[in-house]
Amino acid sequence: MTECKTGAEHIKSLRDGRTVYIDGELVTDVTTHPAFRNAVRSAGLLYDFQARPENLELLTFAPEGSNRRINRSWQMPRSYEEMVLRRKAMQAWAAVSYGFMGRSPDHLASALVGQRMGIDVFRRHSPERAKAFADYFDYASRNDIFLTYVIINPQAERSKDWGEQHEDLVARIVDEDSSGVTIRGAKMLGTSSIMANEVLVANLQPLKPGEEDLAFSCALPMNTKGLRVLSRKSYEAAAVSVFDNPLSSRFDENDALMFFDDVKVPWERLFVYRDTDMCRAQFHDTPGHAYQNYQAQIRLSVKIKFLVGLARRITEAIGTTNIPSVREQLGVMAAKASMVDAMLSGMEASGTRFGEWFVPNKHFMYSAQVLTQELYPKLVNAIRELAGGALIMLPSSVRDFANSELNKIIRTTQRSASMSPEDKVKFMKAAWDAIGSEFGSRHTQYEMFYAGARFVTAGHSFRTFDWDAATGMVDSLLSTYDLASASDHAAHELDGIHP
Ligand SMILES: Cc1cc2nc3c(=O)[nH]c(=O)nc-3n(C[C@H](O)[C@H](O)[C@H](O)COP(=O)(O)OP(=O)(O)OC[C@H]3O[C@@H](n4cnc5c(N)ncnc54)[C@H](O)[C@@H]3O)c2cc1C
């Protein structure tokens, strides 16, 4: 056995008979299907990267009582130093996909780490459910399982409560017996589910008393009987070549609707049972939500740096870097990239204790979420503005180079201040794949919504801000004068206005 999980091991584990559909057909093997195989390989690459001897210490650790190392994202920090070590591991992992694999395995590991820190919250709900969760955490972490989650209900009629939607829309408990519960209905939008081992099913959106059938949480292997995965269009399948689509051909992690067609959930995999408030508490009264979104910001810090790098190279390619207004735009972009890094450092430096554990500053994390979901589309737009037509004036595909007549014209017309014609085409195609292709466009939607619509993230920011400190200062100012003293001051020409 190798010292830690490898790519080959992960890829083999995905040949498990799961039920994935695309383009009207059932996929028999996601590891070889043209819609998924390269993304699956990239997931494998993550594990091979951590298994490299030179990366083992940075990316993995040996959990107590085990001699097989696992990814550091499963580590539960007890101090600021341990938190920073863990973050550096996750940044190195994110760099493998330039931050384009949003639901890499460290996202769910982080969610579960945070929830495990709050195991007492589960105990208050039910000792049996808490034991199920703690046992599951041990199993998932020790086996370095790749998990995804579906915690959001399919968007249908927003003017109706979840319990009022069509009866088979939102996944709910429809039956139970001595071995477990049966669930039916759907959840969105299982990113990476085609290449994950298991899925955490839960409810992040608020539920009301009376909606207990919807109020559950569990974890299921992706090959569970009745679990149907309906993939969106594959950008990987639509990619022309690595040269034409270097990102979408390799890092299309996929998103899928999950339909639970009378899926049986054994009690030992059920963590929340018919408790609407516990659905909220699983994320918000434990550090789960803080940890999962802290990971997302860590990954984003890598992606934003990559995008700013693209912007700079675009200006070099078309020879505009030294135009003062272009330098100014690049300077603003650089400031924004550094702001993302600075917010991460702030979350860590002002982290707090949660029992024996160290957790990131929650309000700083929510502030980062609000600001970065706004930042991403603006940054993409700013890069488009710097680029002009160069992103579009490109050969239709790599095959144009093989036609000698076209090759000659391409080499004459793809001029650049800093690159050969071939390198310019290669680079501009990469830039377009990142920000303009269907894959790039999905990434904008992802960054804007993966953590909830703006009214949700801004709501968290509102809830966690220290309003007393802010309004206290206003009150302090107002307490230094009143109408009577103001008249008095007027009489004494502002004498002694300071407290
Ligand atoms: C690419 C992508 C990948 C995703 N991956 C996952 C995943 O892996 N797992 C998962 O669980 N989820 C995933 N999601 C789902 C994501 O969490 C949701 O899209 C997000 O929570 C927003 O919910 P919604 O789509 O229902 O939008 P809504 O909440 O319906 O919001 C859409 C818009 O409607 C308006 N609106 C709706 N309700 C209100 C209101 N009450 N007040 C004010 N305005 C309102 C706002 O303009 C808002 O921006 C993914 C989403 C995307 C786009």
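This is a predicted model: local features need pLDDT of at least 70, side-chain atom pairs count only at pLDDT 80 or more; totals for chains, interfaces and linings use all residues.
Residues are numbered from 1 along each chain as its sequence is written, and side-chain values use heavy atoms, with hydrogens and water left out.

**Exercise 1.** Describe the shell around the ligand and the polar contacts of the ligand.

*Step 1.* Start with the neighbours: 20 residues surround the ligand, and the closest are Arg103, Ile151, Gln155, Arg158 and Thr191. A residue is near if one of its heavy atoms lies within 4 Å of the molecule.

*Step 2.* Sort the shell by type: eleven residues are nonpolar, five polar and four charged. Here Ala, Val, Leu, Ile, Met, Phe, Trp, Tyr, Cys and Pro count as nonpolar, Asp, Glu, Lys and Arg as charged, and the others, Gly among them, as polar.

*Step 3.* Now look for polar contacts (pairs of N or O atoms within 3.5 Å). A ligand oxygen is 2.5 Å from an N or O atom in the side chain of arginine 103. Polar backbone atoms also take part: one of methionine 188 is 3.1 Å from a ligand oxygen, and one of isoleucine 152 is 3.4 Å from a ligand oxygen.

**Exercise 2.** Is methionine 278 buried or exposed?

*Step 1.* Recall the cut-offs: buried means under 20% relative accessible area, exposed over 50%, and partly exposed in between (1.4 Å probe, protein chains only).

*Step 2.* Methionine 278 has 4% relative accessibility, so this residue counts as buried.

*Step 3.* Finally, compare positions: methionine 278 and alanine 337 are 59 residues apart in sequence and 37 Å apart in space, C-alpha to C-alpha.

Terms used. A polar contact is a pair of N or O atoms within 3.5 Å; within protein, one must be able to donate a hydrogen and the other to accept it, and residues adjacent in sequence count only if both atoms are side-chain atoms.
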